[in-house]
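Welcome! Let's take a friendly walk through a protein model, one topic at a time. Keep the picture open as you read.

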Amino acid sequence: MGRVNSHGIMDVMYEFLLALHLIGVVLGAGAAITSDVLFFAALRDLRLRRAEMRLLHTAGRLVWIGLGILVASGAGMLVMSNFAFLPDPSFQAKMILVGIIILNGIYIHIHHLPFLEKTLVDADL
């Protein structure tokens with residue numbers, strides 16, 4: 001049995017984290033787009049049905065799961081690179097955008113979703 005090159009294992013781990021990172025982006029962005037489309041469709045007729053609200057909650061959970069995967073895998077890649085990305089302006093811009101997305105999500109969950117819960121209608125009219 002041959003020796004496993006520790007450098008090779010680190011490369012595989014980094015690639016695994018990168019794949020998770022991309023999954024987090026796709027999951028979070030896809031759910032965010034879905035919830036935005038649903039939200040604006042509800043605004044068009046000024047009614048939010050219970051089924052639509054359930055879908056909004058589900059999409060919101062998927063956004064948070066995607067963001068969690070994104071942040072955790074990104075932190076892992078950052079540590080594995082010995083924080084080499086920190087001085088890179090494009091990395092800093094990405095961190096600012098991720099921070100804005102997280103703050104926006106918190107704001108929406110605290111302020112908008114409770115308001116929308118009060119406007120629910122039971123059936124399609």
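Start with Gly-24, which is found in helix H1, the stretch of residues 6-45. Please keep in mind that this is a predicted model.

- Is Gly-24 buried or exposed? Gly-24 is buried, because its relative accessible area is 2%, and buried means under 20%.
- Leaving aside neighbours within four places in sequence, Gly-24 is in contact with Gly-66, Ile-69 and Leu-70.
- Gly-24 and Val-71 are 47 residues apart in sequence, and their C-alpha atoms lie 8.4 Å apart in space.
- Helix H1 also holds His-21. His-21 is buried too, with a relative accessible area of 7%.
- What does His-21 touch, if we leave aside its neighbours within four places in sequence? His-21 is in contact with Leu-70, Ser-73, Gly-74, Met-77 and Lys-94.

- Ile-23 is another residue found in helix H1. With 48% relative accessibility, Ile-23 counts as partly exposed.
- Along the chain, Ile-23 and Gln-92 are 69 residues apart, and 21 Å separates their C-alpha atoms.
- Leu-46 is found in the loop between H1 and strand S1 (48-49). Leu-46 is exposed, because its relative accessible area is 73% and exposed means over 50%.
- Leu-46 and Met-95 are 49 residues apart in sequence. In space, the distance from C-alpha to C-alpha is 35 Å for this pair.

- How many residues does helix H2 have? Helix H2 runs over residues 50-80 and has 31 residues.
- From its first C-alpha to its last, H2 reaches 45 Å, close to the 45 Å expected at 1.5 Å a residue.
- Two packed helices are described by the angle between their axes and by the distance between the axes.
- For H2 and helix H3 (residues 89-118), the axes come within 12 Å and cross at roughly 155°.
- H2 passes H3 in a left-handed crossing.
- On the H2 side, the contact is made by Met-53, Leu-56, His-57, Gly-60, Trp-64, Leu-67, Leu-70, Val-71 and Leu-78.
- On the H3 side, the contributing residues include Phe-91, Val-98, Ile-101, Ile-102, Gly-105 and His-109.
- By class, the contact of H2 with H3 has 14 nonpolar, 4 polar and 1 charged residues.

**The loop between H2 and H3**

- Where does Asn-82 lie? Asn-82 lies in the loop between H2 and H3, just after H2.
- Asn-82 has a positive phi of about 55°, although it is not a glycine.
- Asn-82 is exposed, with a relative accessible area of 66%.
- Phe-83 has its place in the loop between H2 and H3. Its phi is near 60°, a positive value in a residue other than glycine.
- Phe-83 is partly exposed, with a relative accessible area of 41%.

Technical notes. Residues are numbered from 1 along each chain as its sequence is written. This is a predicted model: local features need pLDDT of at least 70, side-chain atom pairs count only at pLDDT 80 or more; totals for chains, interfaces and linings use all residues. Side-chain values use heavy atoms; hydrogens and water are left out. Helices (H or I, at least four residues) and strands (E, at least two) are DSSP runs, numbered from the N terminus. The expected span of a helix is 1.5 Å times one less than its number of residues. Axes are lines fitted to C-alpha atoms, for helices over the stretch in contact, and angles run from 0 to 180 degrees between N-to-C directions. A crossing is left-handed if the near helix is turned anticlockwise from the far one by less than a right angle, and right-handed if clockwise. Contact means heavy atoms within 4.5 Å. Ala, Val, Leu, Ile, Met, Phe, Trp, Tyr, Cys and Pro count as nonpolar, Asp, Glu, Lys and Arg as charged, and the others, Gly among them, as polar. Buried means under 20% relative accessible area, exposed over 50%, partly exposed in between (1.4 Å probe, protein chains only).
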